[in-house]
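Okay, thanks for coming, everyone. Let me put the sequence and the model up, and then I'll walk you through a few spots.

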Amino acid sequence: MNFSFWENETFFNNIDVCIIGSGIVGLSAAYYLKNNNPKLKVVILERGMLPSGASTKNAGFACFGSPSELLDDLKINSEEKVFSLLSKRFQGLKLLRENIGDSNIGFIQTGGFEIFGKEDDVLYEECVEKLDYLNEQIFKITGIKNCFRNADEKIDSFGFGNVEHIIESIAEGQVNTGEMMAALLRKVQSLGVIILNGIDVRDIKATTSEVVLSCNNNLELKSKKLLAATNGFAKQLMPELDVKPARAQVLITEPIIDLKLKGVFHYDKGYYYFRNVGNRILFGGGRNLDFNKEETTAFGLTEKVQQRLEEILRTIIIPGTPFKIEQRWSGIMGVGAEKSTILKQVSSNIYCAVRMGGMGVALGTLSGKKASEMIVMKT
Ligand SMILES: Cc1cc2nc3c(=O)[nH]c(=O)nc-3n(C[C@H](O)[C@H](O)[C@H](O)COP(=O)(O)OP(=O)(O)OC[C@H]3O[C@@H](n4cnc5c(N)ncnc54)[C@H](O)[C@@H]3O)c2cc1C
């Protein structure tokens, strides 16, 4: 395609920082870059017509770790690493709420709840035994007293079946994922960041003074600096990174009359997660049923996972309540051997902020901020 002089001048030439990926991380990095230095020409390239990875597909849990998740993490990681990650999730949520505003992201502090069935007795006992310890650590980081508490009294009021225990996290809540991303897009555009959709970056090459990006439609762009905020797709451009794609499948019900549950819920060590969206239930998870098949960058659904989600809905979440599934979808996360983000300079003028795991709503804003600081130091 032949681009016009105007197109080149306005959109493609003299780019200071090019960001690949318009998910929460790419948008947050652009927000901080432009906010701190309005003169920078910041261009985001996004291959989808919408952000097309995880940021517009997720469950919208504003959470920083359930008790069993934290204890699981402590089995393989040092105390310092586990609570440093918790701190980043907490800080990330705080920044997101401050930057965009609670009403614009649909934040509601509903509380988060981990539910335990009969077969989870050992896990529950382990959590209860360590609850004081976890609360102390969380207090040191967040200033929140007694974050976790037993909330068995809520089992009946939520209408669960086969649930023996609940541990509540009083500080957690939900965001409206769509509203959050729309508000973030508006904010970034209002600062003058250019977002170009439908541009698939196929190759990147760094020279000493700039980065050359080869894209679809024979488009070649040059930028002084490049940030890859490509998360689960990171290996496509940077094969050396330890990031694997991890597909997550989700469903949402039609509205359910008199739905009792409200909040964000974790089940089976976080392999399953559900919440209310008004009077619907959004329910996702089940990647552990077939880790290999779900290690893909291809969007899609499998019968195995979808059937298990429906079975848990029927037997545990809303037993005895008729429901219909309104919609199903999937998103692609980025995970790796370590449960931590990769924020680093990859080569001369090229940086990455990837591997947000299942925590990017919480981690994304802080990761974008840190990425912008990494770049600005050298600009
Ligand atoms: C179903 C699901 C539920 C989740 N629930 C939660 C939750 O409740 N709470 C939570 O904290 N986290 C949750 N997450 C995780 C969270 O959504 C992600 O960690 C976060 O959105 C990652 O943001 P990102 O900007 O790094 O990546 P993404 O949002 O994936 O953005 C990367 C973007 O890069 C673009 N891209 C990639 N390669 C190229 C290329 N070569 N050229 C152009 N564009 C490219 C992609 O199209 C994509 O839009 C969930 C994820 C999923 C999938």
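Before the helices, a word on how angles work here: axes are lines fitted to C-alpha atoms, for helices over the stretch in contact, and angles run from 0 to 180 degrees between N-to-C directions. Also, helices (H or I, at least four residues) and strands (E, at least two) are DSSP runs, numbered from the N terminus.

Now the two source notes. This is a predicted model, where local features need pLDDT of at least 70, side-chain atom pairs count only at pLDDT 80 or more, and totals for chains, interfaces and linings use all residues. Residues are numbered from 1 along each chain as its sequence is written.

So, how do helix α3 and helix α6 cross? The axes of α3 (residues 67-76) and α6 (residues 121-142) come within 9 Å, at a crossing angle of roughly 85°. That makes the pair roughly perpendicular, because 65 to 115 degrees counts as that, with under 35 roughly parallel, over 145 roughly antiparallel and the rest oblique. On the α3 side, P67, S68, L70 and L71 make the contact, and α6 brings L123, E126, C127, K130, L131 and L134; contact means C-beta atoms, placed from the backbone, within 7 Å. By class that's seven nonpolar, one polar and two charged residues. Here Ala, Val, Leu, Ile, Met, Phe, Trp, Tyr, Cys and Pro count as nonpolar, Asp, Glu, Lys and Arg as charged, and the others, Gly among them, as polar.

On to the ligand. There are 42 residues around it, and G21, G23, G53, G331 and G360 come nearest; being near means a C-beta atom, placed from the backbone, within 6 Å. The shell has 19 nonpolar, 19 polar and four charged residues. Which helix gives the most to that shell? It's α11, with four residues.

Two asparagines are worth a look. N231 has a positive phi of about 45° without being a glycine, and it sits in the loop between β11 (220-228) and α9. N349 also has a positive phi, near 70°, in the loop between β17 (342-347) and β18 (350-354). Buried or exposed? N231 counts as buried because it has 31 C-beta neighbours inside 10 Å, and N349 is buried with 21. The cut-offs, using C-beta atoms placed from the backbone, are 20 or more others within 10 Å for buried, 12 or fewer for exposed, and partly exposed in between.

Last one: Q189, in helix α8 (residues 177-190), has 14 such neighbours, so it's partly exposed.

Note on methods
Two residues are in contact if their C-beta atoms, placed from the backbone, lie within 7 Å.
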